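Me: I would like to learn how to read a structure like this one, feature by feature. Could we go through it together?

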Number of protein chains: 2
Amino acid sequence: MRRDTGLIIALDETDAKRALEVARSVSDTVDAIKINWPLILSAGPNIITQMSEISDVICDLKVADIPNTVRLIVKEAVSRRASGVIVHAFTGEDSLREAVSAAGTAEIYAVTEMSHPGGEMFTAPHAEEMAEMGVRCGVAGFIAPATRPDRIRAVRSIAGDLKILSPGVGAQGGDASSAISAGADYVIVGRAVYGADDPASAARSIAKEIRPFL
Amino acid sequence: MRRDTGLIIALDETDAKRALEVARSVSDTVDAIKINWPLILSAGPNIITQMSEISDVICDLKVADIPNTVRLIVKEAVSRRASGVIVHAFTGEDSLREAVSAAGTAEIYAVTEMSHPGGEMFTAPHAEEMAEMGVRCGVAGFIAPATRPDRIRAVRSIAGDLKILSPGVGAQGGDASSAISAGADYVIVGRAVYGADDPASAARSIAKEIRPFL
């Protein structure tokens with residue numbers, strides 16, 4: 001994935017028409033579009049391919065299964081033109097290795113910790129361990145919350161020069177420049193862009209905020 | 001979900017035509033059909049509705065996300081006629097509560113522990129804690145590995161009269177009667193049925209093995 005603006009849009013829409021409209025309007029300003037299961041379940045898996053004609057697509061599938069099922073899910077997403085797939089690390093090393101192997105030249109980003117309150121219960125206590133495992137498994141990068149720059153720094157200290165993608169900017173309270181300063185390569189912005197009256201202009205304004213820190 | 005035979009088939013096929021054929025051939029013998037993401041990604045989400053016309057459908061989505069995304073995924077699956085949805089417990093209490101609430105009259109089954117080697121790393125050490133949390137959240141039941149009847153007993157001691165569904169019978173080495181004796185209500189069988197030359201006859205033979213223990 002290129003890094004022109006350091007901005008990824010999380011297109012958490014379930015309406016395919018609206019999602020494609022927003023994608024087209026921001027495609028000049030974002031490095032990738034992240035989509036997830038609700039859109040795929042509502043619009044059908046072909047939405048991955050349609051999005052890939054507009055921008056690089058990261059499928060945020062939070063894959064969390066046994067190795068064989070992980071392989072089938074990642075292969076299917078990549079065959080539909082996903083450039084990257086987000087998978088959970090907590091299902092362990094064999095599942096994560098299988099994701100990396102199934103992805104081929106596409107990129108696997110591992111979730112080591114979730115930023116919602118429930119994420120404190122079982123993911124946060126193992127985040128460092130999971131990041132070390134991710135490095136061993138050859139992931140392309142990690143997801144780390146923009147709402148907690150200290151956690152981005154912790155992942156960066158383990159991740160070396162792997163990529164860090166930080167969700168939670170905008171509506172969830174995270175700040176793009178703080179996230180990038182703390183070590184994120186990309187920030188992921190959802191509602192603040194797709195929910196804006198003018199998504200293209202909202203995206204440009206966040207990209208401008210990031211620019212001095214890249 | 002009814003319990004006539006205590007048998008659920010895991011239809012881990014990615015070919016929709018073949019999956020529907022197998023589903024029709026075993027529908028008299030199984031209490032439900034479990035399908036997962038690879039089939040949905042390959043055949044499209046309408047496969048959930050098509051399967052629901054043949055049998056009760058459990059969507060094994062291993063949902064593992066923030067509460068809002070969990071809600072959207074579960075709602076979408078239920079609106080397409082899933083009778084039950086399998087979600088991970090490790091994303092914490094808020095996510096699990098949201099799944100139960102979004103499911104309405106459909107059933108949520110929580111994964112507290114995974115049976116592949118990687119499952120030992122981060123899920124198994126928290127399995128009991130997650131099962132207790134599942135009871136608090138009002139899940140309909142739990143998934144516990146037939147390959148390890150001691151783990152079924154451990155979950156049963158926490159789950160009270162909630163349902164326990166046990167995968168891993170057949171190709172993975174688990175034994176249907178041991179799983180039921182240990183406290184499972186249903187066994188989930190995959191390849192040993194859908195991969196058989198005669199899936200209907202394979203299903204009947206496993207149902208017969210379970211019968212004396214129900």
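Predicted model: local features only at pLDDT ≥ 70, side-chain atom pairs only at ≥ 80, totals over all residues.

Me: How many helices and strands does chain A have?

Reply: Residues are numbered from 1 along each chain as its sequence is written, chains are lettered from A and ligands numbered from 1 in the order in which they are written, and side-chain values use heavy atoms, with hydrogens and water left out. Helices (H or I, at least four residues) and strands (E, at least two) are DSSP runs, numbered from the N terminus. Chain A has 11 helices and 8 strands.

Me: What radius of gyration does chain A have, and what would a compact globule have?

Reply: The radius of gyration is taken over C-alpha atoms, and the globule rule is 2.2 Å times the number of residues to the power 0.38. For 214 residues a compact globule would come out near 17 Å, and chain A has 16 Å, which agrees. Along the principal axes, the C-alpha atoms of chain A fill a box of roughly 45 × 35 × 30 Å.

Me: What share of the residues of chain A is buried?

Reply: Buried means under 20% relative accessible area, exposed over 50%, and partly exposed in between (1.4 Å probe, protein chains only). In chain A, 62% of the 214 residues count as buried. Among the contacts in chain A with a separation of 6 or more, 62% are between residues 24 or more positions apart.

Me: Which residues does A:Val22 contact, leaving aside its neighbours within four places in sequence?

Reply: A:Val22 is found in helix H1 of chain A and is buried, with a relative accessible area of 2%. Beyond those neighbours, A:Val22 is in contact with A:Ile9, A:Leu11, A:Tyr194 and A:Pro199.

Me: Which residues of helix H5 of chain A are buried?

Reply: Helix H5 spans residues 93-103, and its buried residues include A:Leu96, A:Ala99, A:Val100 and A:Ala103.

Me: Where in the chain do A:Glu113 and A:Arg148 lie?

Reply: A:Glu113 and A:Arg148 form a salt bridge, with their closest N and O atoms 3.2 Å apart. The pair links distant parts of the chain, 35 residues apart: A:Glu113 is in the loop between strand E5 (107-111) and helix H6 (119-122) of chain A, and A:Arg148 is in the loop between strand E6 (141-143) and helix H8 (149-159) of chain A. A:Glu113 is buried, with a relative accessible area of 4%, whereas A:Arg148 is partly exposed at 23%.

Me: Are B:Lys163 and B:Glu107 buried or exposed?

Reply: B:Lys163 and B:Glu107 meet in a salt bridge of 2.7 Å, N to O. B:Lys163 lies in strand E7 (residues 163-169) and B:Glu107 in strand E5 (residues 107-111) of chain B, so the pair ties together parts 56 residues apart in sequence. Both B:Lys163 and B:Glu107 are buried.

Me: What phi does A:Lys62 have?

Reply: Most residues other than glycine have a negative phi. A:Lys62 is not a glycine, yet its phi is positive, about 40 degrees. A:Lys62 sits in strand E3 (residues 57-63) of chain A and is buried, with a relative accessible area of 12%. A:Arg81, also not a glycine, has a positive phi of about 85 degrees. A:Arg81 is in the loop between helix H4 (67-79) and strand E4 (84-88) of chain A and is exposed, at 52%.

Methods. Salt bridge = Lys/Arg side-chain N within 4 Å of Asp/Glu carboxyl O. Contact = heavy atoms within 4.5 Å.
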